[in-house]
Structures are given as C-alpha cells and as structure tokens.
Amino acid sequence: MKKIVVLISGSGSNLQSIIEGCQSGTIKGRIVAVVSNQNTAYGLVRAQQAGIPAACLDAKAYSNRQAYDAALLALIEQYQPDLVVLAGFMRILSPDFVTHFTGKLLNIHPSLLPKYPGLHTHRKALENGDKEHGTSVHFVTEELDGGPVILQAKVPIFPEDTEADLIERVKTQEHTIYPLVVQWFSDTRLTMVEGKAVLDGKVLPQQGYANE
C-alpha cells in the first residue's frame, strides 16, 4: 500500500476526492500526512476530519524559498512517502525539492497543457475566445507546469460563461481524473522514465493518456 503526502493551500476539494478514493479502496494507498502553507486552508480541516495528520508550514518563518523548501522536504521525509501530490499547493518549488522527489511528484493544473502554464488560466481561456478548456495531471519537473502530462479532461466553453462558471466545470473534472491518476500510481501502473510518463509500459503522448 503506497504512502501518500498531499500538499495544499486552500479548500482541499481535490484532497477530498483522493481521501474518498483511499477510503473506498479504489486507491491502494493511504494519505499519511497533509501539509499546507496556509493555516486557514480548509483542507487541513478535511484532513483532521478523516483522521489524517495535518500540519501548516508558514513561509513567513523562513528567510527564502530554499530554506522553506528544505524544511518542507524534511517534514515530508518524516513520512517516507511513495508519492507526493500537489493539490492546489500555490508555491513554486525549488529545483532541489523537485529533484529529490523526481518520479513521485504529481500536480494538477487547470488548463490543457502546454497551453496556459502559470496563473489565471480560466480568465485567459475566456479572453482568448477558446471553445474548450480543461485540466491536466502531470509529473512535476523543474519547468513550471512543464512536466510530462499523464491525463487531461476537456470541458466546453459556452458564450455566456463567467470565470466562476468555468472554474466549477473544470473542478468537476479534476475530482474525477486526479484520483484516477493516483490510483494508477498506487497500482504501480504509472511511472516517469527518462522524463516521460509511462503507463502500463507505454510512453504516453504529449497530451497524456487518451482512450479514443
């Protein structure tokens, strides 16, 4: 059974979907810790309600990003995780941190990568008149939102959509695909090999797994 650490900054809705996957047994793993950089993050409450150890590591207590990431790494390593899941963790991680967890560090990003890395993805999709938008689960590398994509989910954009509409539509898909990717990893079906995502021994294409 894989040991999972989840990093959050906010409400923890993706965390909740992974908690439920572990509780139902679809994910053959258990979340051994939840860590936030915000002490007001509701995800910490979700963790406590599920009986999962929860901690806040406040960046204000550290002199720079490297010092914070070193403390974060040390905290995570106490749990000896097989997988570290970024679930709305709103910090850019240092190269040393990413390198340490290479191949066992996942992130979910609210766009159809490589389109719209970084922030304000929903706003950009609306401003550019896109007809579709979505979300991507990927392995984390040193390049911001640039690691190999594992799985994407697309949603339509309607003429009357607001940014809030699009956020909710994308989140619904996130809550489905993120636990599925964690499940693949926990079943030892998913790995990262030479910078590429590999599922069931096959290298995935640029947009990740596609069941046509």
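Predicted model: local features only at pLDDT ≥ 70, side-chain atom pairs only at ≥ 80, totals over all residues.

Me: What is the bridge partner of serine 136 in β7?

Reply: Strand β6 spans residues 132–139 and runs antiparallel to β7, with 7 bridges joining the two. Serine 136 has as its bridge partner in β7 glutamine 152.

Me: How many of the 8 residues of strand β7 are buried?

Reply: A residue counts as buried when its relative accessible area is under 20%. Strand β7 (residues 149–156) is largely enclosed by the rest of the structure, because the number of its 8 residues that are buried is 6.

Me: Which backbone nitrogen does the side chain of aspartate 145 reach?

Reply: Not counting residues up to four places away in sequence, aspartate 145 touches Asn107, His109, Leu113, Pro117, Gly118 and His138. Leucine 113 is 32 residues away along the chain, with 7.7 Å between its C-alpha atom and that of aspartate 145. The backbone nitrogen that the side chain reaches, at 2.8 Å, is that of glycine 118.

Me: What is the relative accessible area of aspartate 130?

Reply: Aspartate 130 lies in the loop between α5 (121–127) and β6. Not counting residues up to four places away in sequence, aspartate 130 touches Lys115, Tyr116, Ala125 and Ile157. Aspartate 130 is buried, and its relative accessible area is 13%.

Me: Within what arc do the buried residues of helix α2 fall?

Reply: Helix α2 comprises residues 42–49, and its buried residues are Gly43, Leu44, Arg46 and Ala47. Seen down the axis of α2, these residues line one face of the helix, because they fall within an arc of 155 degrees.

Me: Which exposed residues does the face of α2 turned away from its buried side carry?

Reply: The buried residues of α2 pack against β1 (2–8), α1 (13–24), β2 (29–36) and β3 (54–56). The face turned away from that buried side carries the exposed residues Gln48 and Gln49.

Me: What is the radius of gyration of the chain, and how does this value stand beside that of a compact globule?

Reply: The chain has 6 helices and 10 strands, and its C-alpha atoms fill a box of roughly 45 × 40 × 35 Å along the principal axes. For 212 residues, a compact globule would have a radius of gyration near 17 Å, so the value for the chain agrees with it: 17 Å.

Me: What percentage of the residues of the chain count as buried?

Reply: Among contacts with a separation of 6 or more, 63% join residues 24 or more positions apart. The accessible surface comes to about 10400 Å², and carbon and sulfur atoms hold 51% of this area. Of the 212 residues, the share that counts as buried is 47%.

Technical notes:
Residues numbered from 1 in each chain as written. Heavy atoms only, no water. Buried < 20%, exposed > 50% of the residue type's maximum accessible area, 1.4 Å probe, protein only. Helix = DSSP H or I, 4+ residues; strand = E, 2+ residues; numbered from the N terminus. Arc of directions from axis to C-beta. Contact = heavy atoms within 4.5 Å. Pairing = 2+ DSSP bridges. Polar contact = N/O pair within 3.5 Å; in protein donor to acceptor, adjacent residues only side chain to side chain. Rg over C-alpha atoms; globule rule 2.2 N^0.38 Å. Areas by Shrake-Rupley, 256 points an atom, 1.4 Å probe, with all protein chains shown as cover.
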